[in-house]
Amino acid sequence: MPCLMSLISVYKGILVDERIRKGDHLLQIMLALEDVFEGFCSTCMTECQPPLGAESSSRLSCLLDLLEVLVALRIELKLNVSLCKRVLSVILPQALNLMSVPVPYFVKKQVILVLKRCLLYKAGEDFLPSPHNLFNQQDAALDEELAVLATTLLNAVQQGWLLQVPSCGRSSSFGGANEGSEPGPDLVILGAASLSVLKALEIQFRNKACGGIGQGDAEFSEMPVYMAHLLNFLKRHLGWKEPVHFCEWVSLTFIEQDDDMLEVAKSLLQMYLHNPRLHSSTSGDENDIWKLPSHQCGMNPHCIFLLLLKNVLFDASVLLDFLISSETCFLEYFVRQWTCHGHKNAVHMWIHQWCLVQKMISNHYFHTVKAHPL
Ligand SMILES: [Zn+2]
């Protein structure tokens, strides 16, 4: 373990100090590890037999730290070396299996958090002085590696992976419960797992749209299936009771994490706009607005936007803070939310949003909130 910690310190030093980057020290260290690192990671992750001692648990945690640092090097420095590339496309997909083995809760939570940060292009955000926003910069090789990770995650979700994700008590401090905090699910791990699945869906959807014979609106028909897995997972931990309005999941899960809530809202909006099947009712009853597929899947953007406004108590100063903050994607989300009315379904969406507001104000909404306070 001292070796792992030393490597982490060296790599972090290289990440935060541009003067050290200029030499070829980094490549020398990388090449020395290339042949053995993947095998070492695989051994650490597959030999988790109970009881797992404190030292083994700490080594796994340290290894996860190192994996995140390597992804940060890959993203921040565009380091196109095999070691970094294999972390995203081989080693992190293997780490998903840790959900099904008896490792301590804090290790499983760390896996989910590292996964989320990698899929958001935010690896190393806790220690980088000023992470660069590379999301919009083209890096085809990096996109391919992330696509492998996203596909592995979505395949695992299809096979019940989310049911193995634990949520032990409310905890905002890493690895331990806060004394005096109210009992409840660990919203940090629930939120990170949900956001990871959505980002994986977005990556897969984007790839499908790009490869879809030039069609901007490539439909992603599997979306409702994945959303059903996600909603089942959340229902189990949040203690939802029927009947329930599924779009509430965003504001319930991310009530303490504004930045992640906005990432989720933006992601759902993006996928909604490109899935025409979500816009129309399958019941044939146009008056029953709650039966629209987008509500049943918990991803109606108008609903989510209104519930988000409710979360901040319709306080204009909070919204202004969000707009000028560089720590959230609210500005981008806000612009997309309102420019989406320039979409080809603009008239339908305007009518839908207006009907929704009316319905919410008239009865259903307040009854729901009264029965299930946010
Ligand atoms: Zn809804």
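Predicted model: local features only at pLDDT ≥ 70, side-chain atom pairs only at ≥ 80, totals over all residues.
Reader: Where does Cys247 lie?
Author: Cys247 is in a loop, the one between α10 (223-238) and α11 (248-253).

Reader: And which residues does Cys247 touch, if residues up to four places away in sequence are not counted?
Author: Cys247 then touches Ser294, His295, Gly298, Met299, Asn300, Cys303, Ile304 and Leu307.

Reader: What share of the contacts with a separation of 6 or more comes from residues 24 or more positions apart?
Author: Residues 24 or more positions apart account for 71% of those contacts.

Reader: Now helices, please: at what angle do α3 and α4 pack?
Author: Helix α3 (residues 25-46) and helix α4 (residues 54-76) pack at about 140°, and their axes are 12 Å apart. That angle is therefore counted as oblique for α3 and α4, and α3 passes α4 in a left-handed crossing.

Reader: Which residues of α3 and α4 make the contact?
Author: From α3 the contact is made by Leu26, Met30, Phe37, Phe40, Cys41, Cys44 and Met45, while α4 brings Arg59, Leu60, Leu63, Leu66, Leu67, Leu70 and Leu73.

Reader: Another pair, then: how do the axes of α12 and α16 cross?
Author: The axes of helix α12 (residues 258-273) and α16 come within 9 Å and cross at roughly 30°.

Reader: Why is α12 called roughly parallel to α16?
Author: Angles under 35 degrees count as roughly parallel, so the crossing at roughly 30° makes α12 roughly parallel to α16. The crossing in which α12 passes α16 is left-handed.

Reader: And which residues of α12 and α16 meet?
Author: In α12 they are Leu262, Ala265, Lys266, Leu269 and Gln270, and these meet Phe330, Glu332, Tyr333, Arg336 and Gln337 in α16.

Reader: I also noticed Glu263 in helix α12; is Glu263 buried or exposed?
Author: Glu263 is found in helix α12 and counts as buried, at 8% relative accessibility. Leaving aside neighbours within four places in sequence, Glu263 is in contact with Leu120, Lys122, Leu195, Lys199 and Cys329.

Reader: Last topic, the rings: how many aromatic pairs does the structure hold?
Author: The structure holds 6 aromatic pairs. In the pair of Phe330 and Tyr333, the ring centres are 6.2 Å apart and the planes stand at 55°, so this pair is tilted.

Reader: How many residues apart are Phe330 and Tyr333 in helix α16?
Author: They are 3 residues apart in helix α16 (residues 330-339), which means that about one helical turn separates Phe330 and Tyr333. Phe330 is buried, with a relative accessible area of 1%, and Tyr333 counts as buried at 1% relative accessibility.

Reader: Which residues do ring pairs link into a cluster?
Author: The cluster is made of Phe305, Phe322, Phe330, Tyr333 and Phe334, linked by ring pairs.

Terms used: Residues numbered from 1 in each chain as written. Heavy atoms only, no water. Phe/Tyr/Trp six-rings, centres within 6.5 Å; stacked < 30°, edge-to-face > 60°. Helix = DSSP H or I, 4+ residues; strand = E, 2+ residues; numbered from the N terminus. Buried < 20%, exposed > 50% of the residue type's maximum accessible area, 1.4 Å probe, protein only. Contact = heavy atoms within 4.5 Å. Axes fitted to C-alpha atoms, helices over the stretch in contact; angles between N-to-C directions. Parallel < 35°, antiparallel > 145°, perpendicular 65-115°, else oblique. Left-handed = near helix turned anticlockwise from the far one by under 90°.
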